[in-house]
Amino acid sequence: MRADGRRRRPRALVPAAALLLAALTACSPGTTTPPAATTAATSQAPAETATPSAEPTDSATAPPERPDAMSTPSADGASAAANYFMSTYSYMYATGDTEPWDELSSDTCEFCARRATDVERMTDAGNETLGDAITVESAVGVEIADDEWFSATLIIDEPASQEVDEKGKLVSESDGGRYELYFALSWNAGWRVEEVDVSAAPGS
């Protein structure tokens, strides 16, 4: 939080350039290639779990806490992991600390790398973002391959934001909005975000 009482806030999400399908098929040597993203969308019924979103905090500068559901490779765990990941997004932009974000980001996740690079650029320039944290309206997880590959779909609400320099001069601003985020996640003794695809939320 700034000295004048205004809270820093994450900049608006930009649609990911990499398609989710590429992330799902870009497996490391020795791993099983998961079904394509279209398969996941049509086989959700037996393993689809909705997780209530976390209660919004007063400030994104507080380090987010990992939910207990993240300890298991399940549809519920996937939705909890994606929800937590977006908490680290808000925290990263509010504080400049990318460590929690990086801990879940796969080395192949282009969306993850771009967001971390943006925060580093902003921090190096002495800039900050102003506003409230992202609100996760809903989170639904799907198990694609047993105990290994998962997806999660989040609907988020991101209020308008501004980036300002050290003197308070406006650098950029965004109107925010409601977004649908589609996550590709893997489990190997812990969660990894392989890629995120972003689009306008239905009805927005």
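Me: In the hairpin of E3 and E4, which residue takes a positive phi?
Reply: In this predicted model, E3 and E4 run antiparallel and are joined by nine bridges. The hairpin they form has three residues between the strands. The residue there with a positive phi, near 55°, is Asp147.

Me: Which residue stands opposite Ser138 in E4?
Reply: E3 covers residues 135-145 and E4 covers residues 149-158. Nine bridges join E3 to E4. The residue of E4 opposite Ser138 is Ile155.

Me: Is Ile155 buried or exposed?
Reply: Ile155 is found in strand E4. Residues it touches, not counting those up to four places away in sequence, include Thr135, Val136, Arg178, Tyr179, Ala201 and Pro202. The cut-off for buried is under 20% relative accessible area. Ile155 has 11% relative accessibility, so it counts as buried.

Me: How far apart in space are Ile155 and Ala139, C-alpha to C-alpha?
Reply: In sequence, Ile155 and Ala139 are 16 residues apart. From C-alpha to C-alpha, the distance between them is 6.7 Å.

Me: Over how many bridges do E4 and E7 pair?
Reply: E4 and E7 pair in the antiparallel sense. Within this pairing, Ile156 stands opposite Tyr179 in E7. The number of bridges between E4 and E7 is 10.

Me: What is the bridge partner of Tyr182 in E8?
Reply: E7 and E8 run antiparallel and are joined by nine bridges. Their hairpin has three residues between the strands, and Ala189 takes a positive phi near 60° there. In E8, the partner of Tyr182 is Asp197.

Me: How many of the 11 residues of E7 are buried?
Reply: E7 spans residues 177-187 and pairs with E4 over 10 bridges. Nine bridges also join E7 to E8. E7 is mostly covered, and its count of buried residues is eight.

Me: Which element gives the most to the largest nonpolar core?
Reply: The largest nonpolar core has 35 residues, and Met86, Leu154, Leu181, Phe183, Leu185 and Val193 have the most contacts inside it. H3, H4, H5, E3, E4, E7 and E8 each supply at least two residues of this core. With 10 residues, the element that gives the most is H3.

Me: Which residues is Leu154 in contact with, leaving aside its neighbours within four places in sequence?
Reply: Leu154 is among the residues with the most contacts inside the largest nonpolar core. Leaving aside neighbours within four places in sequence, its contacts are Ala82, Asn83, Met86, Val136, Ser138, Ala139, Tyr179, Glu180, Leu181 and Phe183.

Me: Why is H3 largely enclosed by the rest of the structure?
Reply: H3 has 21 residues and reaches 30 Å from its first C-alpha to its last, close to the 30 Å expected. Just after H3, Gly96 takes a positive phi of about 85°. H3 is largely enclosed because its buried residues number 18 of the 21.

Me: Are the rings of Phe85 and Trp101 stacked or edge-to-face?
Reply: The structure holds seven aromatic pairs. The ring centres of Phe85 and Trp101 are 4.0 Å apart and their planes lie at 20°. Planes under 30 degrees apart count as stacked and those over 60 as edge-to-face. The pair of Phe85 and Trp101 is therefore stacked.

Me: Which parts does the pair of Phe85 and Trp101 tie together?
Reply: Both residues count as buried: Phe85 has 0% relative accessibility, and Trp101 has 0% as well. The parts tied together are 16 residues apart in sequence. Phe85 lies in H3 (residues 75-95) and Trp101 in H4 (residues 99-104), so the parts are H3 and H4.

Me: What is the angle between the planes of Phe150 and Trp191?
Reply: Phe150 in E4 and Trp191 in E8 are 41 residues apart, and their pair links distant parts of the chain. Phe150 counts as buried at 0% relative accessibility, and Trp191 counts as buried at 4%. The pair is edge-to-face, with 4.9 Å centre to centre and a plane angle of 70°.

Me: Over the ring of which residue does the charged end of Arg115 sit?
Reply: One aromatic cluster is formed by Phe85, Tyr89, Tyr93, Trp101, Phe111 and Phe183. The charged end of Arg115 is 5.6 Å from the centre of a ring in it, that of Phe111.

Notes:
Residues are numbered from 1 along each chain as its sequence is written. This is a predicted model: local features need pLDDT of at least 70, side-chain atom pairs count only at pLDDT 80 or more; totals for chains, interfaces and linings use all residues. Side-chain values use heavy atoms; hydrogens and water are left out. Rings of Phe, Tyr and Trp (its six-membered ring) pair if their centres lie within 6.5 Å; planes under 30 degrees apart count as stacked, over 60 as edge-to-face and the rest as tilted. Helices (H or I, at least four residues) and strands (E, at least two) are DSSP runs, numbered from the N terminus. Buried means under 20% relative accessible area, exposed over 50%, partly exposed in between (1.4 Å probe, protein chains only). A charge sits over a ring if NZ of Lys or CZ of Arg is within 6 Å of the ring centre and within 35 degrees of the ring normal. The expected span of a helix is 1.5 Å times one less than its number of residues. A nonpolar core is a set of buried Ala, Val, Leu, Ile, Met, Phe, Trp, Tyr and Cys residues joined through side-chain atoms within 4.5 Å. Contact means heavy atoms within 4.5 Å. Two strands pair if DSSP finds at least two bridges between them.
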